[in-house]
Amino acid sequence: MLITLGIVYGDIGTSPLYVMNAVIGDAGKVGALRPDYIIGSVSLIFWTLMLLTTIKYVGIAMRADNKGEGGIFALYALVRHRGKWLAVPALLGGAALLADGTLTPAVTVTSAIEGLKGQQFGSFVFSNSQNVVMAIVIAIILVVFMIQKFGTSSIGRLFGPVMLLWFSFLGVAGLLHMTSHLEILKALSPVYAIQTLFSPDNKVGIFLLGSIFLATTGAEALYSDMGHVGKGNIYRTWPFVYAMLMLNYFGQGAWLLNHAQDATYRNLATINPFYSMLPGGVRMFAIVLATFAAVIASQALITGSFTLVNEAVGLKFLPKMSIKHPNDTRSQIYIGLVNWFLCLVTLGVVFYFRTSEHMEAAYGLAITVTMLMTTLLLYEFLAMHRNRWQAALIAGFFGVIEAIFLLASLTKFLKGGYITLIIMLLILGIMVVWYFGNKFRERYQDESEYVTLTDYLSQLQALSRDESIPLLTTNLVFMTKVKAGYRLKRTAMYSILDKQPKRAKVYWFVTVNETDTPWDKRYTVDMMGTSNVVSVQLYLGFRCSQHVNVYIRKIINDLLDQKILDDQTPQYSTMRNRRVGDFRFVIIGEKPAGLLAADNIPSWQKRLIGGRLWMQNVTTTPAQWYGLEFSEVIEETVPLFIESPKQPHFDHGDVLNLKKVK
């Protein structure tokens, strides 16, 4: 439970730093806050957290777990068999989640550090300059991203105690102020929430929900992180977290009831009630603690992004990338490309928006899209376990609420929300090109490009015994897909038999299948009636690493134990009791040759296929993806569409100066 506090609640746990500040911004100035507006705003926060976070995510969505894993891609993996169209909400939701998450480190760290402005510590008075705040924020963000490649399991042990202290501090600080204005408890009634939306004191009307929504932006991350800690721990810790958050919001509301009309505050366009309600002697402690909480929230976002991208790669939504494990923790991964992309975008957000107030104006727009897409997928999941009317009623209820929040958040577009939408569209574009380019490539590749592996068994066995050809390796492994009926692309057989013949003792044809189960690891072996031609079907979950050399070595040892394979013990080796011989891996890549000349393919589909092949060539190489960096790898390229060469026709042919040799 302590670990859960440190991993799951970073984003939602730092929302008291900026939510009420955004609500004040909607009112225009502090003096414009009326008691009913303050109570109604806190009521909206309470019921938003109740309906979306507590009921939808904790109560319903967490039941839609894929072998313990949660998140929009895990949910899609559960329901994708119910319709091809479900890939669309999964792509939209995943892209929006990654895009909006780039603002989380920026807005949380900036909100925390801005509490230092004008603070006096002994004889030292901290500068009011936003440039100084930005310099500290940039330094913190850079350090957070730089340490990712070393792993964070050691410092991660501190996250739980720090977040326990943070939530306890939130609750106590809020409770102390709430007791002076117990009328703030009226916010527990939804009547005040509804009245505020239509009150003349509410200058922005329904668009106030755009600021209120910031209180629940971490709900989707809560669902995504379920696999790290287990749903039981979230069930046990969420009531505590919810109570502490609301005590703090009640406390901030009570402070505003007491001080909104004070001469010191009433003409201010913005103020942070979180810091303002604290005694001067406590503020430094609160700032330090808030900074740690903001760093933990940023860390949770980065780790969650790695997990999300890893799942997207497994589901063929994104190109293959180099994925590393900084330590022995299975769930902890590091994707350098994603890390530095997030770092660059986060720093860009800090430079562009400068203040947390401007960041809040743009924050949360894209995440409403993710929530709506999750609701669509959740409808299909519920329809699997209930009748469609019940599923439609439940999903429709939350869909209407989230659609209203999306509408309310559209005002953020001109205030900077277009930045996150641009990032979202960039990520979505990559996903669309990769996913649909792959689908169209498979559709148009002619069946004539496939041959039957069993038709070549006699040639492979004869080649293996032909001592007139030098032995290339003991185990020759082809990374190629073998379909039903032993169908595979003819490029594999062409590589072995027609290009300089490749003689090996054992020929392996390895197919890697991604499964819907996150940590699935199993295999089947088909010897096809031989002792040295093997078809292996590897079944790996969408969160498993694809280090094929490790898996093949294990399979060979299993087959040697069962005496299915002939002995491979090498004559020379530095390793005692080594039984497995040497390897050569063959990877055949594709180039878009002949694509432009393919008249049967619409031009827009050609662009998707060409874009997919281009991305394949500029991202991680197959050797890196399959964990073969230190293995002997033969990489060969072939055209995307292979046609039988046509014999040219000549009108006539002359042979001149022919000299006959007796």
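How many bridges join strand S4 (residues 471–479) to S6, and in which sense, parallel or antiparallel, do the two run? The points below take up this question after the basis of the model.

1. Basis. This is a predicted model, in which local features need pLDDT of at least 70, side-chain atom pairs count only at pLDDT 80 or more, and totals for chains, interfaces and linings use all residues. Residues are numbered from 1 along each chain as its sequence is written, and side-chain values use heavy atoms, with hydrogens and water left out.

2. Overall make-up. The protein has 26 helices and 10 strands, taken as DSSP runs (H or I, at least four residues, for helices; E, at least two, for strands) and numbered from the N terminus. Of its 662 residues, 55% are buried, where buried means under 20% relative accessible area with a 1.4 Å probe, counting protein chains only.

3. Strand S6 and its partners. Seven bridges join S4 to S6, and the two strands run parallel; strands count as paired if DSSP finds at least two bridges between them. Asn 475 has Val 506 of S6 as its bridge partner.

4. Nonpolar cores. A nonpolar core is a set of buried Ala, Val, Leu, Ile, Met, Phe, Trp, Tyr and Cys residues joined through side-chain atoms within 4.5 Å. The largest has 159 residues, and those with the most contacts inside it are Tyr 9, Trp 166 and Phe 167. Helix H16 (residues 280–314) gives the most to this core, with 14 residues. Apart from it lies another core, of 26 residues, including Leu 538 and Ile 556.

5. Surroundings of Trp 166. Setting aside neighbours within four places in sequence, Trp 166 is in contact (heavy atoms within 4.5 Å) with residues including Gly 13, Leu 17, Phe 274 and Ala 286.

6. Helix H17. The 18 residues of H17 (residues 336–353) should span 26 Å at 1.5 Å a residue, which agrees with the 26 Å between its end C-alpha atoms; the expected span is 1.5 Å times one less than the number of residues. Its buried residues include Val 338, Leu 342, Val 349 and Phe 353, and just after the helix Arg 354 takes a positive phi of about 70°.

Methods
Buried means under 20% relative accessible area, exposed over 50%, partly exposed in between (1.4 Å probe, protein chains only).
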